[in-house]
Amino acid sequence: SVIQEYCRLIEQEFIDCSPYHTYQNDANIRSLLIELYRKVNVSMTPDLNTSRRHSFERIRLEILSHLDHDWNAKKMAELAHMSISHFYHIYQQEFNQSPKAELIEARMDYARYLLLNESLQVNEVARMVGYENEFHFIRHFRQRFDITPKQYAKLYLNPRK
């Protein structure tokens, strides 16, 4: 474990008495204490972290299952009964991505899938993934895939023959 490794390093540094060993041991002891603190802190609050994680996973599922909804920061935060800033902070901690960024990413991935259906127009796909404004959708799509939705559909529906 990490703690055992720090203990081994401290012992070895003490025995070797290499140059600057006191400074190195001081750093190793500080690192050991940080690791111990982290372990104790995590073990004392598993229910809170687990409960919060499950709660946010349910909220995430609600948002990503309804990509066509008009999600905004306020609506997402209301699902968690939190302020917008607090919701964004915790969401970022739990999923390493903001809810807005993850929503856009999911919408773009679903749009890419929908575009491969020849019967759908770009404006229809935009509405199906939650964009009222087709040009806003096209801008996000191009940012994500470096190609417009129409170009994407042409490229993958009619590959070179």
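Buried here means under 20% relative accessible area. By that cut-off, helix 6 of this predicted model has P99, E102, L103, A106, R107, M108, A111, L114 and L115 buried. The largest pocket has a volume of about 270 Å³.

**Helix 6**
- Helix 6 covers residues 99-115, 17 residues in total.
- From first C-alpha to last, helix 6 reaches 24 Å, close to the 24 Å expected at 1.5 Å a residue.
- The buried set of helix 6 includes the charged residues E102 and R107.

**Largest pocket**
- The lining of the largest pocket has 14 residues.
- Closest to the centre of the pocket are L120, Q121, V122, K150 and A153.
- Helix 8 (134-145) and helix 9 (149-157) each supply at least two lining residues.
- Helix 9 gives the largest share of the lining, with 5 residues.
- By class, the lining divides into 7 nonpolar, 3 polar and 4 charged residues.

- Most residues other than glycine have a negative phi.
- H81 sits in the loop between helix 4 (73-79) and helix 5 (84-95).
- The relative accessibility of H81 is 75%, so H81 counts as exposed.
- The loop between helix 5 and helix 6 holds N96.
- N96 is exposed because its relative accessible area is 66%, and exposed means over 50%.

Conventions:
Residues are numbered from 1 along each chain as its sequence is written. This is a predicted model: local features need pLDDT of at least 70, side-chain atom pairs count only at pLDDT 80 or more; totals for chains, interfaces and linings use all residues. Side-chain values use heavy atoms; hydrogens and water are left out. On a 1 Å grid over the protein atoms alone, a cavity is a set of points where a 1.4 Å probe fits but cannot get out, and a pocket is an open set with protein on both sides within 12 Å along at least five of seven lines; lining residues have an atom within 4 Å of a point. Grid points are joined across faces, edges and corners, and a volume is the space filled by probe spheres set on the points. Helices (H or I, at least four residues) and strands (E, at least two) are DSSP runs, numbered from the N terminus. The expected span of a helix is 1.5 Å times one less than its number of residues. Buried means under 20% relative accessible area, exposed over 50%, partly exposed in between (1.4 Å probe, protein chains only).
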